[in-house]
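Look at the sequence and the structure first, then read the points below.

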Amino acid sequence: MRIAAISVAPIFPNYVIGGSQKILADVTAGLKNSGYDVQIWCTGTSSHDGDFEVGGVPIHPDLQLRGSFPATHQVSPISLARSAETLRNAAEWADRVYLHADAVYLRYALEGAEIIRSIHDYVYEEALLSTLTLPAAATIAPSDYMKRVIETTVAMTGRKTIERVVAIPNGVHVPDIIPIPALPDGISPRGEHDLILLFPHRPIPTKGVAEAIRTAVAVQKIESAKNVRLLIPAYPADSNFDEVAGSTVELMKLASDLGGVDIVELHSWLSTTEMAEYYAAGDVTLCIGSFVESFGLVPVESVANGTPAVCARVGAFRQFADVDGITLVPYGQIDASTQAVLSAAGALEDLIESGRSQISHAYSPYSMIQGYELIIS
């Protein structure tokens with residue numbers, strides 16, 4: 001079977017921007033390894049130069065859409081027309097079309113194709129309009145929480161029918177042993193009295209940049225004998241990955257305004273192959289923003305690699321209430337997140353190992369790929 005996977009968000013050879021793009025890479029590689037002929041068409045940007053492969057899957061950055069996440073179709077009419085032609089050609093080649101994190105308005109270009117879509121962020125206009133107005137044979141959601149949100153939203157609009165919505169949890173690799181910790185290039189090695197907090201998210205306000213800085217500052221005031229360090233990834237200065245993200249100058253100004261200029265350390269964006277060792281290098285991972293996650297990969301990946309996480313009780317983060325090593329706190333309550341960090345920093349090894357075991361059983365990459373294969377094929 002030939003499967004055309006379509007992603008409005010751009011894919012890059014050496015970077016993964018956002019958890020949904022990591023899932024796309026994992027799923028398509030898994031389908032390819034299962035014997036399917038899979039190719040991906042995505043939006044091209046100034047950073048692209050022809051076709052390339054990720055996990056052995058061919059990538060065609062041929063869609064002429066805006067490409068700056070999360071905006072998509074803010075382009076010229078001729079670019080939309082050319083993108084429609086690209087979609088039409090992909091659909092004619094394929095036996096099945098899979099719209100990943102569906103934001104494809106140009107449905108007429110896919111006329112006659114059986115469409116399977118997935119929804120990974122139900123906060124953007126594109127995703128909402130997709131489920132409310134555009135057809136699909138089935139919809140994949142990354143959690144039971146998101147499945148219920150989609151079904152309830154569609155029902156409240158007055159529609160009488162909906163396609164099958166299937167919850168397939170994201171898969172997370174749990175290594176047999178916790179990786180050897182490694183901090184990013186350009187970051188000082190760990191000191192004897194360091195307390196390292198990680199913020200491995202896109203540096204946008206709703207992911208909790210300000211809340212993370214405030215929490216780190218509060219932890220430092222309590223733990224005066226410690227050297228609290230908050231590590232935050234920054235996009236390259238010349239990138240156009242995400243128009244919502246703050247620049248390095250803006251991030252450091254925010255840190256200064258919140259009294260954390262001596263605590264915040266910016267580092268380069270990391271590849272997926274560097275993330276396991278990065279997680280292992282932290283004492284606590286912070287996920288305390290207001291962003292309504294449809295799954296929430298970061299805290300699960302963090303515990304899988306040996307570091308506890310503190311999360312705001314929003315969106316699908318609430319599904320992790322019983323996962324050892326993950327602590328939920330009310331959003332916006334810095335006192336609560338501060339106390340949670342102090343408690344998590346002293347987490348016992350047995351607690352983390354229990355959490356790793358829970359994640360291995362509940363969020364198997366193999367089960368995820370099997371689930372996608374069943375629906376798409």
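A residue is called buried if its relative accessible area is under 20%, exposed if over 50%, and partly exposed in between (1.4 Å probe, protein chains only). The model is predicted, so local features need pLDDT of at least 70 and side-chain atom pairs count only at pLDDT 80 or more, while totals for chains, interfaces and linings use all residues. Residues are numbered from 1 along each chain as its sequence is written, and side-chain values use heavy atoms, with hydrogens and water left out.

**Tyrosine 124 and phenylalanine 291**

- Phenylalanine 291 is buried, at a relative accessible area of 7%, and tyrosine 124 is buried at 18%.
- Rings of Phe, Tyr and Trp (its six-membered ring) pair if their centres lie within 6.5 Å; planes under 30 degrees apart count as stacked, over 60 as edge-to-face and the rest as tilted.
- The count by this rule is 6 aromatic pairs.
- Tyrosine 124 and phenylalanine 291 make a tilted pair, with 6.2 Å from centre to centre and 50° between the planes.
- The charged end of lysine 207 sits over the ring of phenylalanine 291, 4.3 Å from its centre (the rule: NZ of Lys or CZ of Arg within 6 Å of the ring centre and within 35 degrees of the ring normal).

**Phenylalanine 320 and tyrosine 363**

- Phenylalanine 320 is buried, with a relative accessible area of 0%, and tyrosine 363 is buried with 9%.
- The ring centres of phenylalanine 320 and tyrosine 363 are 6.0 Å apart and the planes stand at 90°, so this pair is edge-to-face.
- Phe295, Phe320 and Tyr363 belong to one aromatic cluster.
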